[in-house]
Amino acid sequence: MKLGLPSKGRLQADAIDWFAQWGLTITRSDGGREYAGTVAGLDGVELVLLSAGEVPRELAAGRIHLGVTGTDLIHEKLPDRAATVAEIAPMGFGHADLIVAVPKLWADVETMDDLDEVASLLRARHGHRLRVATKYHNLVRGFFREHGIADYLLVDSQGATEGTVKNETAEAVADITSSGATLEANHLKILGDGLILKSQATLFASRRAEWTAEDRAALQTLCARIGTPAPL
């Protein structure tokens with residue numbers, strides 16, 4: 001059974017601690033410089049180190065059986081997630097909210113309905129659509145559709161998204177935040193009904209991987225330790 005884990009950073013460290021409490025000892029090879037390692041405490045588990053963003057893809061392809069990543073990435077990258085993965089357990093770290101934020105200077109803009117009015121004004125007065133910077137294109141499109149907002153343009157931003165408003169490449173942002181400090185530093189405010197998704201690190205199982213009898217036995221053992229039913 002292949003277990004996909006984030007290859008570095010706080011997310012990996014917290015995931016290793018989380019598995020340790022259930023009797024799985026994960027050790028990186030070569031002092032952590034090599035992207036390889038071992039899993040002890042449960043027979044038949046092979047460690048695969050990936051970026052958190054690659055874990056949804058590998059789960060969907062069935063190349064790993066289990067994977068740790070944020071729920072935001074699963075929801076964004078796997079529109080047919082119910083048929084692709086099964087959630088085993090939220091892990092209690094990596095908490096973050098995907099939100100819509102606008103400049104604090106927009107004193108009268110507090111809700112998505114207000115943002116819709118801004119979009120109409122931009123079109124009427126300046127002839128261009130409201131620009132929203134984000135890397136979560138699928139989730140943002142769905143959220144804006146739920147709120148009846150259609151006259152906008154997504155601007156792809158793979159980093160430093162909060163700075164796009166100051167740099168005048170977007171009028172609003174949709175991004176992950178945990179403390180809100182970066183939004184505050186960039187003079188942005190979250191809309192009152194602008195919460196798109198609450199995310200945290202979660203252990204998922206692939207529905208598309210080939211599960212041998214040994215793999216299923218290992219999954220059953222792991223889920224029994226966690227105290228949750230095996231999803232497959």
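Tutor: Contact here means heavy atoms within 4.5 Å. The model is predicted.

Student: OK. Leaving out residues up to four places away in sequence, what does R81 touch?

Tutor: I74 and H75. The side chains of R81 and H75 are joined by a polar contact of 3.3 Å.

Student: Where is R81 found?

Tutor: In helix α4, residues 81–84.

Student: Is R81 buried, exposed or partly exposed?

Tutor: Partly exposed, because its relative accessible area is 31%, and buried would need under 20%, exposed over 50%.

Student: How far apart are R81 and R207 in space?

Tutor: 9.5 Å, C-alpha to C-alpha. In sequence, 126 residues separate R81 from R207.

Student: What is I88 in contact with, leaving aside neighbours within four places?

Tutor: L66, L203, F204, A205, L219, C223, I226, T228 and P231.

Student: Now α5. Which of its residues are buried?

Tutor: M112, D114, L115, V118, A119 and L122. They lie on the same side of α5, because they cover an arc of only 150° around the axis.

Student: What is exposed on the other side?

Tutor: D113, E117, A124 and R125.

Student: What covers the buried residues of α5?

Tutor: The cover includes strands β7 (96–103), β8 (130–134) and β11 (188–199), along with helix α6 (137–146).

Student: How far does α5 reach, first C-alpha to last?

Tutor: 20 Å over 15 residues, 112–126. That is close to the 21 Å expected at 1.5 Å a residue.

Student: And what happens at the start of α5?

Tutor: A side-chain oxygen of T111 comes to within 3.4 Å of the backbone nitrogen of D113. Just after α5, G127 has a positive phi of about 75°.

Student: Last one. What feature does UniProt place at residues 53–226?

Tutor: The unreviewed UniProt entry gives "domain: ATP phosphoribosyltransferase catalytic". In the model, that span is 38% helix and 30% strand, with its end C-alpha atoms 25 Å apart.

Key: Residues are numbered from 1 along each chain as its sequence is written. This is a predicted model: local features need pLDDT of at least 70, side-chain atom pairs count only at pLDDT 80 or more; totals for chains, interfaces and linings use all residues. Side-chain values use heavy atoms; hydrogens and water are left out. UniProt positions are given in the numbering used here, feature names are shortened, and annotations may be inferred rather than shown by experiment. Helices (H or I, at least four residues) and strands (E, at least two) are DSSP runs, numbered from the N terminus. The expected span of a helix is 1.5 Å times one less than its number of residues. Buried means under 20% relative accessible area, exposed over 50%, partly exposed in between (1.4 Å probe, protein chains only). The arc is that of the directions from the helix axis to the C-beta atoms. A polar contact is a pair of N or O atoms within 3.5 Å; within protein, one must be able to donate a hydrogen and the other to accept it, and residues adjacent in sequence count only if both atoms are side-chain atoms.
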